[in-house]
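Please look through the structure below before reading the notes.

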Amino acid sequence: MVTYIIRRLLYSIPVLFAASVLIFVSVSTIGDPLAALHQNPLVSKVTIQKIEDRKHLNDSLPAQYGYWVKDAVTNKFGTPLLQPGTKIWDDLKRVIPHTLQLVLLSEIFALIVAVGIGVYSAVRQYSVFDYTATSLSFLGFAMPVFWLALMLQILFTNIFIKWNVRIFYTSGLSGENAGSGLHFVVDRLQHLAIPAMTLCILSIAQYSRFMRASMLEVINSDYVRTARAKGLPERSVTLRHALRNALIPLVTVSALNFGALIGGAVITETIFQLDGMGPYFISNLFNQDAYAVMAWLMITATAVIIFNLIADVAYAYIDPRIRYD
C-alpha cells in the first residue's frame, strides 16, 4: 500500500505540471491584465512599467510561466498583481480552512443520510419510501443551488423576524459575541448550518441515487444469495456482506465531489458572505488579478488529485479483494 501511494504521488507530478500549464496559458491569454490601468488617466506609465517589470509581463509566455512556477514553489504563489505588499498564500491560508469547514460539515452529513436512504430504498424496492426518495432525489438534482440558498436564507430570516428566534445565522462566519472554546464552536455551526444544508441537500440527491443503484446490484449477486442460503439474518446479510461492496462506487463519486467542492462552493459561499475560497475567487476575478486566480485554480486541481488518491486507498479497506502491489 505504501509503495502504491508513493507511486501515485509520483504520477501526480506530471498531472499537476500539465494542469499548471493549462491554467497559466488559459488565464494569461484571456487579455491584458493591466487593461483597466492603461485606461485610467490617474495611473502613470511609470507605475504600469513597474508592475510589468515585477511580473515580467513583457517577457515571452514560456518565460512568464517559468517565473510564475518559481514564485509558486519558492515564494508560495508570490504576490497579487496590484498589491505587492501582500502575499497570495496569506489570503489562501485564511480562506481555505473556512471552505474546508463548510465542505466537511455538508459532505459528512450528506454521506450518512444518503447511505441510509439508498440502502433502505434498495431493500424496500418499489415501496412508498422508495418512490418518495426517488422523486425527491430528482427534485434535488433539478434544484438550482442559488435558488435553494436564497430560499433557505429567506426562510430563516423570516423565522427570526416573526418570532425573534435565532436558529441559524443567514450570513457571515462569526457573530459579535462568538467568544472562544465551546461558544465559538456553537456560533460557527450556527453560521455554517444553512450553507452546509444547501450543499448537503444537493449531495444527498446525488449520493442516494448512486447508493440505491449500487445496492440493488449487490443484493442480487451470487455471494449475497449464498449468505442468505446459509441462514444468516437479513440484517447481517445487508450490512456485513452487501453494504461494504456497494459503497465502492459511492467512494469514487464522493471523493471526486469533495475535491471539486473545495473550489466549487463559489455560489453558496458568495450568497452567505462566507470568507472562503468562493468569494476570494470572485473578488480577484472582478479585479482581474490573474495571479490570484491561477493560485486558486492550482489549489482546486491539487484538491481533486489528492481526494482521488484517497478514494483509491479507501477501496482496499472497503473491499478486501482489492489489493495494490
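Helices are DSSP runs of H or I with at least four residues, and they are numbered from the N terminus. With that naming, Lys76 lies in the loop between α4 and α5. The model described here is predicted.

**Aromatic rings**

- A pair of aromatic rings is described by the distance of the centres and the angle of the planes.
- Rings count as a pair if their centres lie within 6.5 Å, and planes over 60 degrees apart make the pair edge-to-face. By this rule there are 9 aromatic pairs.
- One of them joins Phe17 and Tyr65: the ring centres are 6.4 Å apart and the planes stand at 75°, so this pair is edge-to-face.
- Phe17 and Tyr65 are 48 residues apart, and their pair links distant parts of the chain. Phe17 belongs to helix α1 (residues 2-28), while Tyr65 belongs to helix α4 (residues 61-74).
- Tyr65 has a relative accessible area of 16%. Buried means under 20%, so Tyr65 is buried.
- Phe156 and Phe168 make an aromatic pair that is also edge-to-face, with 5.3 Å from centre to centre and 65° between the planes.
- This pair, too, links distant parts of the chain, with Phe156 in helix α7 (residues 145-163) and Phe168 in the loop between α7 and α8 (182-219). The two residues are 12 residues apart.
- Are Phe156 and Phe168 buried or partly exposed? Phe156 counts as buried, because its relative accessibility is 12%. Phe168 counts as partly exposed, because its relative accessibility is 24%.
- Ring pairs also link residues into a cluster, made up of Phe17, Phe24, Tyr65 and Trp68.

**A charge over a ring**

- Which residue lies over the face of Tyr291? Lys55 does, at 4.4 Å from the ring centre.

**Ser121**

- Ser121 is placed in helix α5 (residues 88-123).
- The relative accessible area of Ser121 is 1%, so Ser121 is buried.
- At 2.8 Å, the side chain of Ser121 reaches the backbone oxygen of Ile117.
- Leaving aside residues up to four places away in sequence, Ser121 touches Phe129, Asp130, Ala133 and Arg212.

**Positive phi angles**

- His56 has a phi near 55°, which is a positive value in a residue other than glycine.
- The place of His56 is the loop between α3 (45-55) and α4. With a relative accessible area of 23%, His56 is partly exposed.
- Lys76 is not a glycine either, and its phi is positive at about 55°.
- Is Lys76 buried or exposed? Lys76 counts as exposed because its relative accessibility is 53%, and the cut-off for exposed is over 50%.

**The largest pocket**

- Rolling a probe the size of a water molecule over the atoms shows where empty space is left.
- How much space lies in the largest pocket? The value is about 420 Å³.
- The lining of the largest pocket holds 19 residues. Those nearest the centre of the pocket are Val27, Gly31, Asp32, Pro33 and Ala290.
- Helices α1, α4 and α13 (290-318) are the elements that give two or more residues to this lining.
- Which element gives the largest share of the lining? The largest share comes from α13, with 4 residues.

How values were computed: Residues are numbered from 1 along each chain as its sequence is written. This is a predicted model: local features need pLDDT of at least 70, side-chain atom pairs count only at pLDDT 80 or more; totals for chains, interfaces and linings use all residues. Side-chain values use heavy atoms; hydrogens and water are left out. Rings of Phe, Tyr and Trp (its six-membered ring) pair if their centres lie within 6.5 Å; planes under 30 degrees apart count as stacked, over 60 as edge-to-face and the rest as tilted. Buried means under 20% relative accessible area, exposed over 50%, partly exposed in between (1.4 Å probe, protein chains only). A charge sits over a ring if NZ of Lys or CZ of Arg is within 6 Å of the ring centre and within 35 degrees of the ring normal. A polar contact is a pair of N or O atoms within 3.5 Å; within protein, one must be able to donate a hydrogen and the other to accept it, and residues adjacent in sequence count only if both atoms are side-chain atoms. Contact means heavy atoms within 4.5 Å. On a 1 Å grid over the protein atoms alone, a cavity is a set of points where a 1.4 Å probe fits but cannot get out, and a pocket is an open set with protein on both sides within 12 Å along at least five of seven lines; lining residues have an atom within 4 Å of a point. Grid points are joined across faces, edges and corners, and a volume is the space filled by probe spheres set on the points.
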